[in-house]
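Subject: Structure handover

Hello,

Here is the structure I said I would pass on. Notes on what was found in it follow below.

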Amino acid sequence: MMLDFSKFKGKKVKCAGLGEVLFDVFPTGPKIGGAPANFAYHCRQNGLESLAISSVGTDSLGFQARNLLAARFLPALLIENTKETGAVNVDLTDDGVPTYTFVEDTAYDNIPLTETALGIARQLDLMCFGSLAQRGTVSHKTIMALLDAMPKGSLRVFDVNLRRNYYSREIIEASLKRTEIFKCNEDELPILCEFARLQEKTAKAYYEYLKSLGIYCFIFTEGASQSTVFLNDDISVLPTPKVEVVDTVGAGDSFTATFISRLMQGDSLVQAHEKAVKISAYVCTQAGAMPDMPAELFA
């Protein structure tokens with residue numbers, strides 16, 4: 001069944017980013033992040049009613065996470081955990097492209113399944129999740145259960161975010177069964193095509209594979225080159241704007257959040273894509289994944 005976004009137009013869409021809340025530790029100091037939380041933040045900037053769902057420790061970083069998300073007016077269900085709050089050390093190349101070193105067995109690897117989280121999931125229109133938080137068995141089970149609890153007709157976004165060896169074919173396949181919208185980048189595509197046993201490792205071939213699974217929206221980003229979006233039988237390709245890059249952390253999350261938010265608010269495929277490109281380019285000019293966003297960007 002092809003995707004129809006028109007049913008969301010004029011509705012106060014409720015969405016969540018489910019998975020890691022963590023600190024990106026730059027040479028200049030820590031900044032709050034985590035792909036699902038970034039997604040939720042940028043959905044909220046685009047007018048959706050959004051929150052982050054994750055787990056943090058009782059340590060100082062956990063305390064900071066609550067305060068920083070509150071300061072960004074992003075509601076969050078951050079379930080307390082005996083593990084340390086998640087962190088990732090970020091090193092930047094000269095052109096602002098990050099490499100990551102992840103702390104393991106953290107709070108977001110052990111997100112407990114609670115009645116509060118289930119109650120939220122049952123009311124959502126949209127949920128974004130990835131593969132990183134599923135490296136932990138506890139979080140994997142919780143994420144699957146919350147996705148399964150969402151109402152019929154809601155949308156689930158799998159932004160795969162392959163990091164190091166923190167993924168498997170089994171996790172990818174289980175996640176795809178619970179997905180209506182899929183996103184990956186040019187580094188992830190060959191791995192995904194291998195998992196899907198595709199001989200042709202192209203975005204078009206992978207979209208045909210996704211459609212065989214009932215997934216009719218595929219967001220494919222190629223960094224500084226271009227981005228391609230497949231939606232039902234349509235396709236949009238746009239070049240990436242040339243900007244003065246500070247860092248690219250969170251740019252992909254802002255792209256995905258903006259694109260889907262705009263579609264749900266009635267924009268056409270091309271209009272939503274153009275806005276996503278514009279917003280993600282701005283994020284690249286700022287430090288961290290959740291910068292202050294000028295109101296004129298959303299005009």
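Ala35, Asn38, Phe39, His42 and Cys43 of helix H1 are in contact (heavy atoms within 4.5 Å) with Asp253, Ser254, Thr256, Ala257, Ile260 and Ser261 of helix H8. By class, this contact of H1 with H8 has 5 nonpolar, 5 polar and 1 charged residues. Here Ala, Val, Leu, Ile, Met, Phe, Trp, Tyr, Cys and Pro count as nonpolar, Asp, Glu, Lys and Arg as charged, and the others, Gly among them, as polar.

This is a predicted model, in which local features need pLDDT of at least 70 and side-chain atom pairs count only at pLDDT 80 or more, while totals for chains, interfaces and linings use all residues. Residues are numbered from 1 along each chain as its sequence is written, and side-chain values use heavy atoms, with hydrogens and water left out.

Helices (H or I, at least four residues) and strands (E, at least two) are DSSP runs, numbered from the N terminus. The axes of H1 (residues 35–45) and H8 (residues 251–264) come within 8 Å and cross at roughly 45°. That makes H1 oblique to H8 (under 35 degrees is roughly parallel, over 145 roughly antiparallel, 65 to 115 roughly perpendicular, and the rest oblique). Axes are lines fitted to C-alpha atoms, for helices over the stretch in contact, and angles run from 0 to 180 degrees between N-to-C directions.

Next, the sheet. It is open, has 9 strands in the order S5-S4-S1-S8-S9-S10-S11-S12-S13, and its pairing is mixed (two strands pair if DSSP finds at least two bridges between them). Strand S5 (76–81) and strand S13 (234–239) are the edge strands, each pairing on one side only. From one strand to the next, the twist averages 15°.

Within the sheet, strand S8 (residues 126–129) pairs with S9 in the parallel sense over 4 bridges. Leu126 stands opposite Leu155 in S9, and Cys128 opposite Val157. Strand S9 (residues 155–159) has 5 of its 5 residues buried, so it is largely enclosed by the rest of the structure. Buried means under 20% relative accessible area, with exposed over 50% and partly exposed in between (1.4 Å probe, protein chains only). Leu155, Val157 and Asp159 lie on one side of S9, Arg156 and Phe158 on the other.

Helix H2 (residues 60–71) lies across S4 and S5, at about 170° to S5. Helix H4 (residues 137–149) lies across S1, S8 and S9, at about 160° to S8.

Regards
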